[in-house]
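I opened the notebook to go through this chain by topic. The entries follow the order in which I looked things up.

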Amino acid sequence: MNALITIGLLLYLAPGLFNKSWTTKNLSVKVRQHSILSTKNNVLPCTVHVLSKFKVIKILWLKDHFIKVFAWPEVKDISSDYVDRIKFVDDAITRQGTYDQNEMRYEETRKLKADIAISNPTADDEGVWSCQAILNNMEYTAATAEGQVKVEEKPVINGIEIRGPKADYFNEGESVSILCMIKTSSTYTSVKWFRNDVFYSENFTNRLDIQSIQRKHMGVWYCMATNKVGNTTSPKLSIQVNYKPISCTYKTVYYRSVGEFLRFECCYNSFPIIKDVSWSKYEDNEWKPVKSDRYDPPKLSGTNMTSFFIRKSVAESNFGPYRCIAHYNATLEFHDKIQLYRRRDDETNNVSVMNTQGNHLHYVLVNYKNLHKI
């Protein structure tokens, strides 16, 4: 007589309620009614009670009523998706004992295990699973238990996306959202965000909102979704933020004598990176364009660009204020002022430092003792 019993792998809820058995005169099969498979819990239990002298000669596991996934003792006709993926957890079926001719019986009740372990369970393994035991009596008495199996996997992430006013870049101050594209059917308990491989934040949704994006947010981002099975990391995505140039020029006061070599350095940090700058000198109450005596290619370091202005031999007319001009776009220009002074015999060095507000303070060191602010 066949029995219909629900199987599965959900949480271990009220065993008395969710474990059922079907009993015939000679045989009983007991399975869990609901179960959840995962990489950490991949066992489907099936307990067989033999209530007579007969032995179990066959165990058969089916998926969705028709797919043969495991059989004992033979292994033929197994679905290719399950060959070498399923095995007995215990060998109790193969240790059924010997029939006692004198007593004309086995032990009154024999409890045998037919649990199977499924390697690397995935969502494709979800469905109705059946455990069937067959005796070697004249009627080949069989009992079957079947039920629903669900698989819980690590979160599946299909990618990472940016939502904002533009798809490829952002300007400072714009609102931007980053989405961790977690598969709809995946469960997760938290999502962590990383920038340049450094932890940034953690929340419980798949969305990170940046109300006002800044240059500090530039870099390579990825997300990590976690549940009780494990965690999954998304592919990486580069975020670029356009921001206006800021000066990184470290020296803005120079001292030379007539005939000496001179090279100004002018530095800007920006994105997109400034390609080059133009130079001008203040003469006759106006700023006039000037050209370098020699072209030295700009030096690039990260998002810093350093441009150079050369005078091979300083002339009397070269002293005075200069500007290096960064052309950010058609309407925006940024200026750094540089001053060239005539060297005096009692001036042996000059120093340029930056205060905490980012403003340059320039000093002349006189005879290494007296420091005078200019």
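I began with the pairing rule: two strands pair if DSSP finds at least two bridges between them. Strands are DSSP runs of E of at least two residues, helices are runs of H or I of at least four residues, and both are numbered from the N terminus. I then found an open sheet of three strands in the order 4-10-8, with antiparallel pairing. Strand 4 (43-44) and strand 8 are its edge strands, each pairing on one side only. Strand 4 and strand 10 run antiparallel and are joined by two bridges. Leu44 stands opposite Ile116 in strand 10. As background, strands of a sheet pair through backbone hydrogen bonds, either parallel or antiparallel.

**Ground rules.** I noted that this is a predicted model, in which local features need pLDDT of at least 70 and side-chain atom pairs count only at pLDDT 80 or more, while totals for chains, interfaces and linings use all residues. Residues are numbered from 1 along each chain as its sequence is written, and side-chain values use heavy atoms, with hydrogens and water left out.

**Whole chain.** Of the 374 residues, 44% count as buried. For burial I used relative accessible area: buried is under 20%, exposed over 50%, partly exposed in between (1.4 Å probe, protein chains only). Contact means heavy atoms within 4.5 Å. Among contacts between residues at least 6 apart in sequence, 60% join residues at least 24 apart.

**Cores.** A nonpolar core is a set of buried Ala, Val, Leu, Ile, Met, Phe, Trp, Tyr and Cys residues joined through side-chain atoms within 4.5 Å. The largest one has 34 residues, and Val48, Val56, Ile59, Trp61 and Trp129 have the most contacts inside it. Strands that each supply at least two residues of this core include strand 2 (27-32), strand 5 (46-50), strand 11 (127-135) and strand 12 (142-151). Strand 6 gives the largest share, five residues. Another core, of 21 residues, lies apart from it; Ile162, Ile210, Tyr243 and Phe271 are among its members.

**Aromatic pairs.** Rings of Phe, Tyr and Trp (its six-membered ring) pair if their centres lie within 6.5 Å; planes under 30 degrees apart are stacked, over 60 edge-to-face, the rest tilted. I searched the whole structure and found 14 aromatic pairs. Phe309 and Tyr322 have ring centres 5.7 Å apart and planes at 50°, so I logged the pair as tilted. Phe309 is in strand 28 (residues 304-311) and Tyr322 in strand 29 (residues 320-327), so the pair ties together parts 13 residues apart in sequence. Both Phe309 and Tyr322 are buried. Ring pairs also link Tyr254, Phe264, Trp279, Phe309 and Tyr322 into a cluster.

**Charges over rings.** The test is NZ of Lys or CZ of Arg within 6 Å of the ring centre and within 35 degrees of the ring normal. Lys281 lies over the face of Tyr322, 5.8 Å from the ring centre. Arg323 lies over the face of Trp287, at 4.5 Å.

**Asn318.** Which loop holds Asn318? I placed Asn318 in the loop between strand 28 and strand 29. Asn318 has a relative accessible area of 10%, so it is buried. A polar atom of its side chain lies 2.7 Å from the backbone nitrogen of Ala315. Beyond its neighbours within four places in sequence, Asn318 is in contact with Lys281, Arg311, Ser313 and Leu340.

**Lys192.** I found Lys192 in strand 16 (residues 190-195). Its relative accessibility is 29%, so Lys192 counts as partly exposed. Lys192 and Cys223 are 31 residues apart in sequence, yet 5.6 Å apart C-alpha to C-alpha. Leaving aside neighbours within four places, the contacts of Lys192 include Phe199, Glu202, Tyr222 and Cys223.

**Backbone checks.** Most residues other than glycine have a negative phi, and most peptide bonds are trans. Trp72 and Pro73 are joined by a cis peptide bond, omega about 10°. Pro73 is in the loop between strand 7 and strand 8. The bond from Phe271 to Pro272 is also cis, with omega near 0°. Asn120, not a glycine, has a positive phi of about 50°. Asn120 lies in the loop between strand 10 and strand 11. With 61% relative accessibility, Asn120 counts as exposed. Asp197, not a glycine either, has a positive phi of about 65°.

Note on methods: A polar contact is a pair of N or O atoms within 3.5 Å; within protein, one must be able to donate a hydrogen and the other to accept it, and residues adjacent in sequence count only if both atoms are side-chain atoms.
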